[in-house]
Amino acid sequence: MPVNRLQELRTLLQQASHAYYVLDSPIMEDSVYDQLFRELLELEAIHPELITPDSPSQRVGGKPAAGFTSVTHSPPLYSLENAFDLEELAAWQGRWQRVLTPQVPFDYVAELKIDGISLALTYQEGLLVRAATRGDGVTGEDITANVRTIPSVPLRLLGPHPPGLLEVRGEAFLAWDRFHTLNRERQARGELPFANPRNATAGTLRQLDPQVVAQRQLDFFAYTLHGGPALEDLATQWQRLQQLGSWGFRVNPHTQVCRDLGAVQVYWDYWRTARRALPYLTDGVVVKLNQLDLQDQLGFTHRTPRWAIALKYPPDEAATVVEQILVQVGRTGAVTPVAQLTPVALAGTVVARATLHNADRVQELGLRVGDTVVVRKAGEVIPEIVRVVEQLRPQGPPWQFPTRCPLCGQPLVRTVQAAAIRCVNPHCPAIGQGQILHWASRAALNIQGLGEKRVAQLWEQGLVCSIVDLYDLTGEGLAALPGLGDKSAANLLAEIAASKQQPWPRVLYGLGIRHVGVTVAVLLAERFGAAESLLTASLEDLSAIPGIGPETAQSVWEWGQAPASQILLGELQNRGLTLANTPRAPITPPQPLQGKVLVITGTLEHLTRPQAQALIQAAGGRVVGSLSRRTDYLVVGSSPGSKLQAAEKLGVPQLSEASLRQLLGQSETGSDGR
Ligand code: AMP
Ligand code: ZN
């Protein structure tokens, strides 16, 4: 009976995705999940009348909205009062204690303040029926289709729940790795990067196309609950959080009960440094009175609850001087201004450059060389200039954005969209060299020894003016390069030759087609196993690929239509590059990390995080964000975070990058990992 089978599949897939996204402890192999998911889709395609709103198939696939309707919040989504030090915290305690007489026993719950966007989720009889943004606190926007795509938001509450309406509130956010990937992809497309994960989250949730939201992989931590009399059994915030967890929500694991402000201080001090190792951005600690009856007695001011306060961390800021303002021309021709600074220590690193984003931003700051500026670093984001200290401003006119490309001298063009300024000269060396650098980059063909300086040299000597030329280089030709010894020349040639073995998705990414980031390249290579079929793909074929938006489809299609693309691929083919998926090895290789759970801390020297993650996955293991007793190994890179101490405490074995690579080397099929 398809009805039964459908119901079984749904329940099983719901449990599996809860185990994977919320508990970090998968109960089935990814391949099995995919297979069952496909079966569900097939059954639902035959019996569309049996599709239910909580089916795992309903997370993606919604149609783009024309706009959002507004939603009134009751009770409002309050803001939080801020404190910046313990004195202010003590003053807050004094204030609420004066309201409650006689003195009553109490304790606090300390929670990390996640820097994302707060959401209100409505469940009716256990089913997610609406999700809204905070808006101004009273009126928000209905973004249900977008929120459905967040894998850690249950579409149906797990387990028993009271009848009627329930409202769950919490924070939607983008983890650092997703944020960085997103920004890299945006920059590759010539778009402006998001300043921080909070902006990126807000921008993502306001997307009209849920498919785009799904790709970005937002996450959600639940932290409160409303629902009338049915919830009266819950006496404390702590119990609320437990309840949320048992309904399938992701609840932040670092939450702690604190018996007094002294304990809150210890928690705050600990997380002041430990937060840097978290996979998401936090900007403080939220302290809440644990007893819900006391919360009720205290109530709200017009703007904030009296029973909670945010104890914020001071932002990471420092003052320094602008020594020079430069512009960089990327491979898409986009021109970005960059300030060169007198080096200054900031949040554990030395900062010597700051992005100025775009011409508008420079103008807004009225920036000039010699200005004293305040720079800020939010987590790992590139530092940015927050403001100019006007009192210390030197004489002289503000810096002017150049009107001509610093590399080719052609006039720059201002594009209306994204406030970007571009060089549109197809022969511009910055663009040509940028394309070669992109081709050689780690996520693409990963050709070591082909950095900015070397590419510029090759270009100037007339040896390389396109990616194809790389494969025609000879030892004799390279001998002409100043400062390149025989050994380095031989290494470079070997690296270039080895890149011919790189798999098709990497080649596809390396081509630098607009809108084609690493993820899209993998999707395209999955659908089109060979270059020819991609060239002849119709716009409909491309648009039909789940996870590929209309803009991307259009861009890939246009690229395929261009005669230059066909010529380029022909030339790459002649030189022996891999332009098709290679058949899988008949026998599955041994999986040295089968079933192992790994956590990474610090910076790896030879692998980016996504690469390390992919390799570990390929070896049967899994990378998770936070450490627990279930962790099998902690991979330790340079400047490790607090996870290292935590691992020592928990007795989790450590792996250096070298030993990780050694382990992986056994199963590696030559894909990467130098
Ligand atoms: P603010 O925006 O600075 O007024 O701070 C209030 C916001 O902090 C709330 O609207 C939530 O979006 C956010 N927040 C993050 N984590 C928590 C948490 N654990 N408890 C309550 N609010 C939180
Ligand atoms: Zn140019």
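Trainee: Which residues surround ligand 1, and which are the closest?

Mentor: Ligand 1 is surrounded by 13 residues, the closest being Ser 79, Glu 111, Arg 134, Glu 171 and Lys 288. A residue is near a molecule if one of its heavy atoms lies within 4 Å of it. This is a predicted model, in which local features need pLDDT of at least 70 and side-chain atom pairs count only at pLDDT 80 or more, while totals for chains, interfaces and linings use all residues. Residues are numbered from 1 along each chain as its sequence is written, chains are lettered from A and ligands numbered from 1 in the order in which they are written, and side-chain values use heavy atoms, with hydrogens and water left out.

Trainee: What lies 2.4 Å from an oxygen atom of ligand 1?

Mentor: An N or O atom in the side chain of Arg 134 does. The side chain of Glu 171 also has an N or O atom 2.5 Å from an oxygen atom of ligand 1. For Tyr 223, a polar side-chain atom lies 3.4 Å from a nitrogen atom of the ligand. A polar contact here is a pair of N or O atoms within 3.5 Å.

Trainee: How much of the accessible area of ligand 1 does the protein cover?

Mentor: On its own, ligand 1 has 500 Å² of accessible area, and the protein covers 89% of that. The areas come from the Shrake-Rupley method with a 1.4 Å probe.

Trainee: Which elements give two or more residues to the shell?

Mentor: They are β3 (108-114) and β10 (282-289). β3 gives the most, with four residues. Strands are DSSP runs of E with at least two residues, helices are runs of H or I with at least four, and both are numbered from the N terminus.

Trainee: And what is the shell like by class?

Mentor: The shell has five nonpolar, two polar and six charged residues. Ala, Val, Leu, Ile, Met, Phe, Trp, Tyr, Cys and Pro count as nonpolar, Asp, Glu, Lys and Arg as charged, and the others, Gly among them, as polar.

Trainee: Switching to the zinc ion: which residues coordinate it?

Mentor: Cys 405, Cys 408, Cys 423 and Cys 428 coordinate the zinc ion (ligand 2) through their SG atoms, at 2.2 to 2.4 Å. Donors are N, O and S atoms within 2.8 Å of the metal (3.2 Å for Na, K and Ca). Along the chain, the donors follow the spacing C-x2-C-x14-C-x4-C.

Trainee: What geometry does the site of the zinc ion have?

Mentor: The site is tetrahedral, with angles of 98 to 115° among its four donor atoms. Four donors count as tetrahedral if all angles lie between 85 and 135 degrees.

Trainee: Are Cys 405 and Cys 428 buried or exposed?

Mentor: Both Cys 405 and Cys 428 are buried. Buried means under 20% relative accessible area, exposed over 50%, and partly exposed in between (1.4 Å probe, protein chains only).

Trainee: Now the backbone. Where is there a cis peptide bond?

Mentor: A cis peptide bond joins Ser 74 and Pro 75, with omega about -5°. Pro 75 is in the loop between β1 (70-72) and β2 (82-83).

Trainee: What about the phi of Asn 446?

Mentor: Asn 446 has a positive phi of about 50°, although it is not a glycine. Asn 446 counts as buried because its relative accessibility is 3%.

Trainee: And Ser 639, buried or exposed?

Mentor: Ser 639 counts as exposed, because its relative accessibility is 63%. Ser 639 is not a glycine either, yet has a positive phi of about 35°. The loop that holds Ser 639 lies between β21 (633-636) and α24 (643-650).

Conventions. A polar contact is a pair of N or O atoms within 3.5 Å; within protein, one must be able to donate a hydrogen and the other to accept it, and residues adjacent in sequence count only if both atoms are side-chain atoms. Four donors count as tetrahedral if all angles lie between 85 and 135 degrees; four count as square planar and six as octahedral if opposite donors are over 155 degrees apart and all others between 65 and 115; anything else is irregular.
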